[in-house]
Amino acid sequence: MASMAEHEASMTIFYYKSDGTIYSYCTGISDMNGFGDRKADYELMLDYTVLPKDQTAIEFLHKFYIDVETKELKLKPEFSGLGKYL
């Protein structure tokens, strides 16, 4: 079981298994049980990953996807030019 500090420093991202498109997220550490009675249905199309909490990613989640092979959060290619503003 995760400590309170680990829970507060994490976020869980639910994404489509087929292409890594992000479906939803929550702060903290979670799993598919959050879908309740529909857990088995959602498990057919979604997976999840627990990552360090990233406020920028949370605010601009539509600009990211999950690499389904590595389960890493990545910036969508169409937004790669944003780095020049840093």
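**Salt bridges in a predicted model**

A search of the whole structure finds three salt bridges, a salt bridge being a side-chain nitrogen of Lys or Arg within 4 Å of a carboxyl oxygen of Asp or Glu.

User: What kind of model is this, and how are residues numbered?

Analyst: This is a predicted model, in which local features need pLDDT of at least 70, side-chain atom pairs count only at pLDDT 80 or more, and totals for chains, interfaces and linings use all residues. Residues are numbered from 1 along each chain as its sequence is written, and side-chain values use heavy atoms, with hydrogens and water left out.

User: Which residue does D47 form a salt bridge with?

Analyst: The partner of D47 is K71, with the closest N and O atoms 3.3 Å apart. This pair links distant parts of the chain, 24 residues apart: D47 lies in strand β3 (residues 46-52), and K71 in the loop between β4 (64-66) and β5 (73-75). Strands here are DSSP runs of E, at least two residues long, numbered from the N terminus.

User: And is D67 buried or exposed?

Analyst: D67 counts as buried, at 17% relative accessibility. Buried means under 20% relative accessible area, exposed over 50%, and partly exposed in between (1.4 Å probe, protein chains only). The side chain of D67 meets that of K74 in a salt bridge at 3.4 Å, N to O, and K74 is partly exposed at 30%.

User: Changing topic, what does R38 pair with?

Analyst: R38 forms a salt bridge with D41, where the closest N and O atoms are 3.6 Å apart. R38 counts as exposed because its relative accessibility is 54%, whereas D41 is partly exposed at 42%.

Methods. Helix = DSSP H or I, 4+ residues; strand = E, 2+ residues; numbered from the N terminus.
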